[in-house]
Amino acid sequence: MEDILILGIESSCDETAASVVKNGRVVLSNVISSQIDLHTVYGGVVPEIASRQHIARINQVITQALSEAGVTLDDITAVAVTYGPGLVGALLVGVAEAKAIAFATGKPLVGVHHIEGHISANYIENEQLEPPFACLVVSGGHTHLVRVADYGKYEILGRTRDDAAGEAFDKVARAIGLGYPGGPKIDRVSKEGNPDAITFPRAKVAESEYDFSFSGLKSAVLNYLNSCEMKGIPVVTEDVAASFQKAVVDVLVEHSMHAIDEYGFEKFAIAGGVASNSALRAAFEEACAKKGVKFYHPSPIFCTDNAAMIAVAGYYEYIAGTRSGYDLNAVPNLKLGER
Ligand code: KG4
Ligand code: ZN
């Protein structure tokens with residue numbers, strides 16, 4: 001059988017990325033141009049700056065991805081691109097670029113859902129992983145507990161009602177003076193802190209056992225900081241970070257284990273930027289081992305936004321016959337499982 005090479009393109013937020021993946025599992029190149037330094041001064045991603053940077057960098061990033069993979073556009077089987085969800089102006093840059101390449105080369109175009117990409121990152125280093133399994137997607141924009149019934153077939157079991165897990169990390173990091181992006185910084189300083197120093201709430205959503213809510217936890221951290229200030233009690237940043245992180249991890253693990261029990265999943269995966277959190281990984285490792293459930297997670301570089309995951313998801317969509325037209329548009333609030 002001839003090799004299938006997918007060129008993946010990702011520009012939904014603040015990473016301009018391109019990758020070439022062979023037969024859905026072998027990453028030949030994975031180029032990521034991060035804009036974090038440009039957004040740090042503003043304390044978060046500025047959409048207008050993100051769009052302009054994507055335009056400035058995308059051609060170079062794609063050229064580099066092709067050259068590192070040792071291929072040319074002629075060798076590519078199809079072009080896969082994130083078309084939602086994400087920032088509309090940012091998404092549009094990748095979508096327009098992918099359409100231009102597909103049109104100029106006559107290669108098929110495949111629009112990919114960003115979350116499907118995050119989930120698919122698990123296929124890269126786990127050759128034996130195949131659906132069905134459950135996947136917890138925790139990123140800056142999303143917190144979804146998903147049943148992966150088959151390639152391209154998803155059922156959302158639970159989701160956040162307010163802030164995404166990564167968003168909570170970023171907001172709390174800002175409040176305790178760690179800056180942006182907060183997740184990796186909280187992860188780092190928590191190692192020096194006591195996770196049981198402060199008891200923060202583990203929020204439950206009354207009507208849905210699998211849904212999440214993180215805004216109450218964020219408020220509890222802010223209230224704690226305020227009360228310390230008013231009482232003149234010094235704040236131990238490491239303890240606040242570690243206690244907050246534990247509250248998030250506890251809820252994510254508890255809901256996920258509940259789903260494993262109810263649905264009888266034998267495999268469990270995590271995905272998205274927050275999936276690179278060391279305490280989260282350790283907690284899932286332990287909880288899954290206790291149940292005899294196989295635990296999967298991508299390497300950190302495939303957890304945060306990248307284009308390899310888009311090429312992998314694009315491969316499975318491609319072999320299933322999915323094709324997008326030249327009218328493919330950016331869909332900022334695209335739902336998982338919709339086309
Ligand atoms: O998947 P991602 O790169 O972008 C989105 O699709 O949102 O996720 C970025 C998020 C940010 O909120 C960042 O703070 C968080 O992932 N993150 C982490 C860690 N590394 C990144 N959160 C906790 N611990 C980490 N080590
Ligand atoms: Zn993402």
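This is a predicted model: local features need pLDDT of at least 70, side-chain atom pairs count only at pLDDT 80 or more; totals for chains, interfaces and linings use all residues.
Residues are numbered from 1 along each chain as its sequence is written, chains are lettered from A and ligands numbered from 1 in the order in which they are written, and side-chain values use heavy atoms, with hydrogens and water left out.

**View 1**
Where the domains meet, 17 residues from domain 1 and 18 residues from domain 2 take part in the contact (contact means heavy atoms within 4.5 Å). The protein chain holds 11 helices and 10 strands; helices (H or I, at least four residues) and strands (E, at least two) are DSSP runs, numbered from the N terminus. Its radius of gyration is 20 Å, close to the 20 Å that the globule rule gives for 339 residues, so the chain is as compact as a globular protein of that length. That radius is taken over C-alpha atoms, and the globule rule is 2.2 Å times the number of residues to the power 0.38. Along the principal axes, the C-alpha atoms fill a box of roughly 65 × 45 × 35 Å.

Of the 339 residues in the protein chain, 55% are buried; buried means under 20% relative accessible area, exposed over 50%, and partly exposed in between (1.4 Å probe, protein chains only). The accessible surface of the chain is about 14200 Å², and 51% of that belongs to carbon and sulfur atoms. These areas come from the Shrake-Rupley method with a 1.4 Å probe; for residues, only the protein chains shown count as cover. Among contacts between residues at least 6 apart in sequence, 72% join residues at least 24 apart.

Find His39 in helix H1 (residues 36–40). Is this residue buried or exposed? His39 counts as buried because its relative accessibility is 0%. Leaving aside neighbours within four places in sequence, His39 is in contact with Asp14, Gly44, Val45, Val46, Ile49, Ala50 and Tyr180.

Pro181 sits in the loop between H5 and H6. In helix H6 (residues 182–190), the buried residues are Gly182, Gly183, Ile186, Asp187, Val189 and Ser190. Which helices do they pack against? The partners are helix H5 (165–175), helix H8 (237–263) and helix H9 (278–291).

Val21 is part of strand S2 and is buried, with a relative accessible area of 0%. Not counting residues up to four places away in sequence, Val21 touches Ile4, Leu5, Ile6, Val26, Val27, Leu28, Ala308, Ala311 and Val312. Asn23 belongs to the loop between strand S2 (15–22) and strand S3 (26–34). Asn23 counts as partly exposed, at 26% relative accessibility, and has a phi near 50°, a positive value in a residue other than glycine.

**View 2. Two prolines in loops.**
Pro108 lies in the loop between helix H3 (88–105) and strand S5 (109–113), and is partly exposed at a relative accessible area of 24%. Beyond four places in sequence, Pro108 is in contact with Thr77, Ala78, Val79, Tyr318 and Arg323. Pro132 is found in the loop between helix H4 (114–125) and strand S6 (133–138). A cis peptide bond links Pro131 and Pro132, with omega of about 5°.

**View 3. Gly292 on the outside.**
Look for Gly292 in the loop between H9 and strand S10 (294–296). With a relative accessible area of 64%, Gly292 is exposed. Gly292 and Glu266 are 26 residues apart along the chain, and their C-alpha atoms are separated by 7.8 Å.
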